[in-house]
Amino acid sequence: MQNIYDVIIIGCGPAGLSAGLYSARAKMKTLILEKGKTGGQIVTTNEVANYPGSIKDATGPSLTARMVEQAEEFGAERKIDSVISVDLNEKIKVVKCERGEYKAKTVIIATGATPKKLGVPGEVELTGKGVSYCATCDADFFTDLEVFVIGGGDSAVEEAIYLTKFARKVTVVHRRDSLRAAKSIQDKAFKNDKIEWVWNSEVHEIKGDGIIEAMVLKNRETGELTEYKAHEDDGTFGVFPFIGYLPLSDIFKDIIDMDNGGYIITDSDMKTNLNGVFAAGDIRQKSLRQVVTAVSDGAIAAVQAEKYIESTFDE
Ligand code: NAP
């Protein structure tokens, strides 16, 4: 069958790249579709300390670059194209993108998740002008300035620690009075003199004309509003919301089974409810979203795709 891939992988984060590596290494004709930003969320992470065997000081971008290299070494093809719609019910699956249409015997969905937004006035207008969802990308802009990190999970606390390498002061604003982050990460943060804490508070508004000039916080217990103004000498500060992620599964809505949060439901072989369609990585309903679980999902999905092809297609 000409011009028909064995496997199309949608998404180029650790799950997609791992699936690509395993699929191409099994000599399957493999296409990895990426929207434009290779690596997914991991490229926004400066330190990858908990990926077993990663070299000391490995960063998200460096780990991604090696994953891409490996997948390509085995023959995986990569295309930058944005998926518009999919037709996954037939034996040959069709993936329609902005630049073209691709066909495959199997599809692995590895679209991952995107940072949740605060949804407060000023956030959209000031994104890229002080509001950032990527400390690795933007920390440098805040050298010797103040920054606020919003959230109390692993991401918020880890990124707050990272930001202390650049910023003069990092204030973590959390909506409760205790953190969700792992104890080991909390301990490190509580020992860091550059980090201050604002508890039981949420962002009410971010203000500024072209750059952030002030932010209003609301105390959830008292309802009191407090305005933080940029220091006169600084003129601005940074706001880094790390309040969780949303699955990028909209195009599969009403096509593939998902939970109420929009995460795709699979079995332990990464099979979705549709034959020949698998999901891997953060897009799946799962208990642990980490690089190590994403790459594991990708490998399983690729091996299962191969088994599915062997049992379904007579060549
Ligand atoms: P998360 O664990 O879902 O934590 C989100 C945090 O943001 C929570 O503290 C939550 O408050 C707060 N929050 C949610 N919505 C909010 C809102 N509208 N306004 C203010 N605060 C809000 O998300 P995450 O930290 O990004 O982590 C996602 C997953 O990746 C987790 O499974 C995490 O373990 C994993 N991760 C692991 C590592 C690591 O192992 N090194 C690093 C990063 C991420 P509440 O606590 O009150 O709900």
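## The ligand shell

Sorted by class, the shell around the ligand holds three nonpolar, eight polar and six charged residues. Here Ala, Val, Leu, Ile, Met, Phe, Trp, Tyr, Cys and Pro count as nonpolar, Asp, Glu, Lys and Arg as charged, and the others, Gly among them, as polar. The model is predicted: local features need pLDDT of at least 70, side-chain atom pairs count only at pLDDT 80 or more, and totals for chains, interfaces and linings use all residues. Residues are numbered from 1 along each chain as its sequence is written, and side-chain values use heavy atoms, with hydrogens and water left out.

Of the 17 residues around the ligand (a heavy atom within 4 Å), Asp154, Ser155, Arg176, Arg180 and Gln290 come nearest. Helix α4, residues 154-163, gives the most to this shell, with three residues; helices are DSSP runs of H or I, at least four residues, and strands are runs of E, at least two, numbered from the N terminus.

## Polar contacts

A polar contact is a pair of N or O atoms within 3.5 Å. Polar side-chain atoms lie 2.9 Å from a ligand oxygen atom for arginine 175, 2.6 Å for arginine 176 and 3.2 Å for glutamine 290. The protein buries 75% of the 920 Å² that the ligand exposes when taken alone, by the Shrake-Rupley method with a 1.4 Å probe.

## The nonpolar core

A nonpolar core is a set of buried Ala, Val, Leu, Ile, Met, Phe, Trp, Tyr and Cys residues joined through side-chain atoms within 4.5 Å, where buried means under 20% relative accessible area (1.4 Å probe, protein chains only). In the largest such core, of 31 residues, Ile9, Ile32, Ile108 and Phe278 touch the most other members. Helix α6 gives the most to this core, with eight residues.

Key:
Buried means under 20% relative accessible area, exposed over 50%, partly exposed in between (1.4 Å probe, protein chains only). A polar contact is a pair of N or O atoms within 3.5 Å; within protein, one must be able to donate a hydrogen and the other to accept it, and residues adjacent in sequence count only if both atoms are side-chain atoms.
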